[in-house]
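Me: I've got a new structure open and I'd like to find my way around it. Could you start with the words I'll need?

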Amino acid sequence: MRRLLFIIVVTLVVACASAQTIETYGDLRAKLLHVKERLTGQQTANDQAIAVITRQMALNFQGRLSHQQFQELADTIGVMSLQLNDARWRTVLDSSIGLLRQRTDTLDIQQRIIDYYRHVPQEHIYIHTDRPYYVPGDTVWMRAHLVDAVTHTPISRSKYIYVELLDNAADTLCQRIIAHCDSDGVFANQLILPRHLPAGAYTLAAYTQWMRNFPAMRFFYKQLVVVGGQQPRTVGSSDGKARTDSQEYLTTTPTATPATPLQVVQRKGQLLVRLDDATNEPLSCVIYGSGNLLVTDYTAGKVLRVDSQSLRPGNLSVAMVNRQTGDVVAERQTIIEGKQPQVTVHGEAHSQNEPMTLQITINDADGTPIDGNFSVSVTDYDVVKPDTLQPSITAYLKERHGDYPLSDMLASHYPAIDYGFQTSQTLSGSIRGTIFKRVKHPKLMLVRPDTGLRTTFELCDSSRFTINGLDFPDGTTYILEGMRPTGSTHLVQLDIDEPSYPRLHAQTTVGNAHLVPAAFVRQAVEQVMYGSTGSTIELPEVVKEKKRQRKSQGRGQLEPFRAYYDDMPILNNAATIETLLSSLGLKVGKDDDGNSVVSSHANRQQPLMYIDDSESNTEELLMLTPANIQAIEYYKPTDPRLLVYRWDAPTRGVLVVKCKPGYHTSSNRQLSMVTVCQQGYQPSLDFYSPQYSDLSVKIRPDRRTTLYWNPKVKTGGAGRAVIRFCASDVSKRYLVTIEGVGSDGTVVHHHQVVE
């Protein structure tokens, strides 16, 4: 028996020693199982043979092991080690496991990064506006480009984008709209500026519900300048800071780069990487970002050369990682400058309302046509200049690659996800008893009056509900009623959850109002007077010698601090009552119990509220819509005259609301029924571009500053498109701006003057 075992051992040792490489994982696993089956459980004299053979196999194996394969072999050797009687040979087996660990495949690192991308996708938004500055009453035409943060390819996982206009001077919300993507995944919309809007700097912010899972500093922010208003204010400030509620910067703040032995340079078309650190750690070089992912073994002190042409342009992270533990040894960032796409605009400039035709060709750096939907604006170059203070879509996306922390990716540490991809609109709430008794198996009826939709849901054993799959434009009204299983509404109360929005702060950066040509204001104001959308013509306001006297809705005819009346467009343009209150200097928040409260930005106190001469509360106030309000007045809490008129609010302030006839709000509503008018998406409008087939019938002057705007210019497989428009009365030179992302992820930005 001993002689037979000796022959088997010698044969296996010779076979292992003579083999230069065990080519497959299957061969190695089969030999280990053979040793385990034939030798495990024999006498103590076999301990040495088991250890030697296993050690020899580990030394000769030169292939690659995935993490799972290594774990299987380690488990097999571990079982063998437990059955050995001699501790010395168990140590040899443990050493064999260490040798196999060094041959673990770097695919494990790649897979962890890919898995993280799959579990935590990120979105980037860039908004292209038709021009950088406007006048009160103007229309901001916009296209939101939503792309994947890693590949920069266009996506529409989120079907809704939220766009907010923030006042930099007052740090308040002026407007909020919701843009819905069309069948091609294009987010196109418009923002109509109120005519009373003061001149100054404003921030255009954009985000999706999914982006709320991450810091607000990753939202999109862009400066807009409003000129020519009646109340000019300082445009921006010089501190360059902008903060959110968590005191984070909205823009990247330069910080000192810590010393690192990792060197990353670009030279002669190559990316050179070197780690000046005498370490014996098994290292892998990980290059990721902007759609790149390269993992390769690395020896400290050596120079790793990577062809720059093989890398996608953009922000790139280079890291050295211990491939056994996943620890990040060193990391640096660099930017790969790729070849720019070839964009040309052919056509001749015309004037005096003559028709113009421009041919657009978009190819990549190699001349291959780029297919995609691009936004195109044509402005009067004599009054609209390119905005050099704001990054283009190319610069914006180049600086961002998702902000993925490598350490979290390698450790499979995923962040908490509170918001999903919004593919539809929802209504949520709860049904409960009015005397604190639970309603068993309640029902919910949903009615949409404008379409006649009527449906009933059974909530089974739940008192909370969420209605998904809704898709409604702004101004849509739903009627919901909670009831018992029998249909009775006795002692049933229905509560609707209010939609939540992030509290954003306006940026306070240096503006560019001084760059606005004076002729722009004259042309833009006249164009607004005749209607920027082409649907209305507003006659010039008649100036009276005596100022119009408005009758205050409050007691004692006390002049309010801020007020809006039915002849002011904000009551029709404001999307929600929250937006209207924000422009008055009030904000809507939650108290410790989760109830909605309205408070002043100055002292955080809730003002007294009067609706139609009756004292009211926050619940009734938030049920109103701006279009149904005839007048709203806010009296400052610091005004001592409030006591004179028996308003006991020297430190709280007073809010007085007068509803239009027929919209009186009563506090005695049926508790089981709620009328809901939440903010919906804003339908997009078509840009009005006049066509002059017969100049003899022209009835108004044409001094457009934006002559053409199209948020969706399709280039197709040939990479070509044609746009047509007519010149204005005064335009002679034209600035053509093209921005967007091709279907393959190629980022396009192009300015060209046609003259």
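Reply: Two strands pair if DSSP finds at least two bridges between them. Helices (H or I, at least four residues) and strands (E, at least two) are DSSP runs, numbered from the N terminus. This is a predicted model, so local features need pLDDT of at least 70, side-chain atom pairs count only at pLDDT 80 or more, and totals for chains, interfaces and linings use all residues. Residues are numbered from 1 along each chain as its sequence is written, and side-chain values use heavy atoms, with hydrogens and water left out.

Me: How many bridges join β16 and β17?

Reply: β17 covers residues 355-363, and its pairing with β16 is antiparallel. One place to look is V343, whose bridge partner in β17 is I362. Count along the two strands and the number of bridges is five.

Me: And what is the average twist from one strand to the next in that sheet?

Reply: The sheet is open, has three strands in the order β16-β17-β34, and pairs in the antiparallel sense. β16 (342-346) and β34 (720-726) are at the edges with a single partner strand each, so one side of each has no neighbour in the sheet. As for the angle, axes are lines fitted to C-alpha atoms (for helices over the stretch in contact), and angles run from 0 to 180 degrees between N-to-C directions. From one strand to the next, the twist averages 20°.

Me: Which residue in β22 is the bridge partner of L427?

Reply: Start from β19, residues 425-433, which pairs with β22 in the antiparallel sense over five bridges. Now find L427 and look across to β22: the bridge partner is I467.

Me: What is the phi of G452 in the hairpin of β20 and β21?

Reply: β20 (residues 443-448) and β21 pair in the antiparallel sense over six bridges, and V447 stands opposite R454 of β21. The hairpin has four residues between its strands, and G452 takes a positive phi near 80°.

Me: Is C460 buried or exposed?

Reply: First, the cut-offs: buried means under 20% relative accessible area, exposed over 50%, and partly exposed in between (1.4 Å probe, protein chains only). C460 is in the loop between β21 (453-458) and β22 (464-470), and has a positive phi of about 55° although it is not a glycine. Most residues other than glycine have a negative phi. With a relative accessible area of 53%, C460 is exposed.

Me: What relative accessible area does L491 have?

Reply: L491 is placed in the loop between β23 (478-483) and β24 (492-496). Its phi is positive too, near 55°, and L491 is a residue other than glycine. L491 counts as partly exposed, with a relative accessible area of 33%.

Me: How many contacts does the model have for residues 1-23 beyond four places in sequence?

Reply: pLDDT is the predictor's confidence in each residue, from 0 to 100, and the protein's mean is 81. Over residues 1-23 the pLDDT stays under 50. Where pLDDT is low, the predicted coordinates should not be read in detail. With contact meaning heavy atoms within 4.5 Å, the number for residues 1-23 beyond four places in sequence is 30.

Me: What share of the protein's residues count as buried?

Reply: The protein has twelve helices and 36 strands. Of its 755 residues, the share that count as buried is 48%.
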